[in-house]
Amino acid sequence: MSKKLSKRQFRIEVFKGVFQSDFYDESQKIQQLDAMYNEDMSYDEITLSEKDSKAVSSKCQDILDNISDIDKAIESVLDNWTINRIGKVELAILRVAVYEIKYDKIDAAIAINEAVEISKIYGGEKSGSFVNGVLAKMVD
């Protein structure tokens, strides 16, 4: 039996879907999301209910549908960097946070804090400060 995902775990699942999508071409991204978030999927000791699976998949698809706009927003605050230089983990985390701020209208401080915390789990040693710096410039 699955239990309701916490908001952080939901974000982590969305991050995983967005991260994974970077490894597939456009024609395969949605198909892979559907495969990743099918009914009662279990991995990482988490069982996603059908409702949670659909919600995560839907959020991932919304992010992918707006990826061009999201990436432009990220790139607009990068100093002497391009989006292609950002590590895939950090980029996926940034994409989720920017989506939350721009489209879900989540309070920027909450979205940034969550992005930093997730980057500490999945990113490298400096991921948290990098993610924080990029997102802080975006909301100034």
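**Ser 119 and its surroundings**

Author: Let's start with a polar contact (N or O atoms within 3.5 Å, one able to donate a hydrogen and the other to accept it): a polar atom of the Ser 119 side chain lies 2.7 Å from the backbone oxygen of Val 116. This is a predicted model, where local features need pLDDT of at least 70, side-chain atom pairs count only at pLDDT 80 or more, and totals for chains, interfaces and linings use all residues. Residues are numbered from 1 along each chain as its sequence is written, and side-chain values use heavy atoms, with hydrogens and water left out.

Reader: Which helix is Ser 119 in?
Author: Helix H6, residues 108-122. Helices here are DSSP runs of H or I with at least four residues, and strands are E runs of at least two.

Reader: Is Ser 119 buried or exposed?
Author: Ser 119 counts as buried, because its relative accessibility is 0% (buried means under 20%, exposed over 50%, with a 1.4 Å probe and protein chains only).

Reader: What does Ser 119 touch?
Author: Leaving out residues up to four places away in sequence, Ser 119 touches Ile 93, Gly 124, Ser 127, Gly 128 and Val 131. Touching means heavy atoms within 4.5 Å.

Reader: New topic: how many helices and strands does the protein have?
Author: Seven helices and two strands, in the order α-α-β-β-α-α-α-α-α along the sequence.

Reader: And how do H5 and H7 pack?
Author: H5 (residues 88-102) and H7 (residues 127-139) pack at about 30 degrees, with axes 10 Å apart. They are therefore roughly parallel, a label for angles under 35 degrees.

Notes: Axes fitted to C-alpha atoms, helices over the stretch in contact; angles between N-to-C directions. Parallel < 35°, antiparallel > 145°, perpendicular 65-115°, else oblique.
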